[in-house]
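Let's take a walk through this one together. Have the sequence and the 3D view open, and we'll go from one region to the next.

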Amino acid sequence: MANAQQQLDQWLVTLNSVNQRLQHLPQWYMCGRLVRATGMVLEAVGLKLPVGSSCVIELPQHGEALVEAEVVGFAGDITYLMPLDAVQGLVPGARVMPLNDGHNDSRRFPLGENLLGRVLDGSGRPLDNKPLPKQVDYGYLATKTINPMQRAPIDTAIDVGIRAINGLLSVGRGQRMGLFAGSGVGKSVLLGMMARFTKADVIVVGLIGERGREVQEFIDNILGAEGMARSVVVAAPADASPLQRLQGASYATRLAEDFRDKGKHVLLIMDSLTRFAMAQREIALAIGEPPATKGYPPSVFAKIPALVERTGNGVRGGGSITAFYTVLTEGDDQQDPIADSTRAILDGHIVLSRNLAESGHYPAIDVEASISRVMPSVTTLGHQQQAQRLKKLFSVYQRNRDLISVGAYSPGHDPLLDQAVQKFPQIEAYLQQKMNDQAPIDQAQQRLTELVGGSSS
């Protein structure tokens, strides 16, 4: 009996030793196999990874080439993967190996001030043919959310350099605004003006799902050398994979969060939030999620607020992220599902009118349909009354425009209309602005006072 007990004890010691060695083995040895590839989705077995974690797939026909992919879902023993780049050369049974170091989001992305002036893709790789700086920080995309009770209130106006916005749609530091527009009405030019003129320490630009040629044009012709010097651009154009576009928007937001956490006042410009939603729709439909509103699965309407809520003011005494998101309205339909959903969660919206753009009125801001929800918190009562007065005069003129143009208007019957007709040329000049002209906030308020009278104090 004694010998048997000794032998059993030795086996237990050996088993414990082997178990300890197995626990310290790198996860590269824990691999799965590809069993199916249909469209954008790859199916693997033998993996137990959380959704959002990263892995690599071997391409046997290309030597030791590896393709990065992300776990986007699972069903039973099958894990659904989506590659970040186009995949050629995949074979059945290819090995799938996790890249996991304890985080669901297992890839680390470059961050920090050394990235100013650089152009990166959705994975943090340089697009400007320059290596990454040696002194650069790295971090994960996922961050801890800020307790809403600890966020600093929006109580300070920010100068965006656009007269119509500074005067009639005042923006607060830490506000999140939507720029609603169809195609070809000047939203990119307006974004570039904000990037150059806005009083911010750092600018982060996310070009998500737009045409590839527009990346260089935005940097050279719209952002300019002055704006680029204090900017980081993240570009995931239309030919990038849906996952790359989704990741690009998250990465741009993560860069802005990093600067905010360091006490900087950040301007985040994302063009466009609609392309981000479309990328999520492609992924969700590919893994079998049923469509809901106009072909958009429910996960799309959960992803948008999760992205937007990461911006805004930080804790009291810290930095801020003032964000402008462009939202494409299909056929200029303001009731498009994405437009309607984002309008409800943003702190205001600026609508660009195709009719104004076609008449040569730039920026083509429809001041009647636009609103800034934090304007009462960052402006004086006098300023608000002046802005309402100008909007009223503009609206009255627009409602009677046809009568005026055919000569059916006769003065003396409506004092408000008489004043609108008299001042409309000055109002129109106030709302228009050339691309290279800057309108500081104090000058915008002064001209507003001269135009409609009263005091802005």
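In what order do the six strands of the closed barrel run? They go 1-2-5-4-3-6, with antiparallel pairing. Neighbouring strands in this sheet are turned against each other by 45 degrees on average, ignoring direction. Keep in mind as you look around that this is a predicted model.

On one side, strand 5 is joined to strand 2 (residues 41–45) by four bridges, and the two run antiparallel. To find that pairing on screen, look for A44, whose bridge partner in strand 5 is T79. Strand 5 also pairs with strand 4 (residues 66–75), again in the antiparallel sense, over six bridges.

Now for another pairing in the barrel. Strand 3 (residues 54–58) and strand 6 (residues 95–99) run antiparallel and are joined by four bridges.

Next, jump along the chain to helix 8. This helix spans residues 337–345, and its buried residues are P337, I338, A339, S341, T342 and R343. What do they pack against? Their neighbours are strand 12 (176–181), helix 6 (273–286), helix 7 (298–308), strand 17 (320–328) and strand 18 (348–351). At the start of helix 8, D336 has a side-chain oxygen that reaches to within 3.2 Å of the backbone nitrogen of I338.

Two of those neighbours, helix 6 and helix 7, also pack against each other, at an angle of about 135 degrees and with their axes 9 Å apart. That angle makes helix 6 oblique to helix 7. The crossing between helix 6 and helix 7 is right-handed. On the helix 6 side, the residues involved are L273, F276, A277, Q280, R281 and A284, and they meet S299, V300, K303, I304, L307 and V308 in helix 7.

One last stop: Q384, in helix 11 (residues 381–399). Is Q384 buried or exposed? Its relative accessible area is 17%, and buried means under 20%, so Q384 counts as buried. Leaving aside residues up to four places away in sequence, Q384 touches M375, P376 and T379.

Notes:
Residues numbered from 1 in each chain as written. Predicted model: local features only at pLDDT ≥ 70, side-chain atom pairs only at ≥ 80, totals over all residues. Heavy atoms only, no water. Pairing = 2+ DSSP bridges. Axes fitted to C-alpha atoms, helices over the stretch in contact; angles between N-to-C directions. Buried < 20%, exposed > 50% of the residue type's maximum accessible area, 1.4 Å probe, protein only. Contact = heavy atoms within 4.5 Å. Polar contact = N/O pair within 3.5 Å; in protein donor to acceptor, adjacent residues only side chain to side chain. Parallel < 35°, antiparallel > 145°, perpendicular 65-115°, else oblique. Left-handed = near helix turned anticlockwise from the far one by under 90°.
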